[in-house]
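Hi everyone, thanks for coming.

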Amino acid sequence: MTAAAAGTTWSHPIWHRKWRIYVSDAPFISDAWYFVHDDFDDEHDSRHGYAATVEEAREMIDDIDNWQPGDA
C-alpha cells in the first residue's frame, strides 16, 4: 500500500503555514484546489476558499493572513 500524494486529500494536504491545500471534490466549483485554515470552525469562518492553482491558493492565504482591519 502506498501513501497518498501530498495535496490529494484533507488528511494528506500541501501545508502552507497552518493552512491545508488539497484537491477539491466539490462538483459545483470549477477551481481545482481548496484551502482551509487548520483551526477552521464552521461556514461562518472566512478562513477557507478555492483557487485554480496551489500557487494562487498560497497567494490568497497570504492576503488573508496579512489582512488588517480597515483594509479595503
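Let's begin at Asp45, which counts as buried at 10% relative accessibility; buried means under 20% relative accessible area, exposed over 50%, and partly exposed in between, with a 1.4 Å probe and protein chains only. Before going on, please keep in mind that this is a predicted model, where local features need pLDDT of at least 70, side-chain atom pairs count only at pLDDT 80 or more, and totals for chains, interfaces and linings use all residues. Residues are numbered from 1 along each chain as its sequence is written, and side-chain values use heavy atoms, leaving out hydrogens and water.

So what does Asp45 meet in a salt bridge? Its partner is the side chain of Arg47, at 2.8 Å from N to O. A salt bridge here is a side-chain nitrogen of Lys or Arg within 4 Å of a carboxyl oxygen of Asp or Glu. Arg47 itself is partly exposed, with a relative accessible area of 23%.

How many salt bridges does the structure hold? There are four. Another one joins Arg20 and Asp38, whose closest N and O atoms are 3.0 Å apart. Here Arg20 is buried, at 10% relative accessible area, while Asp38 is partly exposed, at 39%.

Arg17 and Asp62 also pair up, at 2.8 Å from N to O. Asp62 is partly exposed, with 25% relative accessibility.

Finally, the inside: the largest nonpolar core has nine residues, among them Trp19, Trp33 and Phe35. Such a core is a set of buried Ala, Val, Leu, Ile, Met, Phe, Trp, Tyr and Cys residues joined through side-chain atoms within 4.5 Å.
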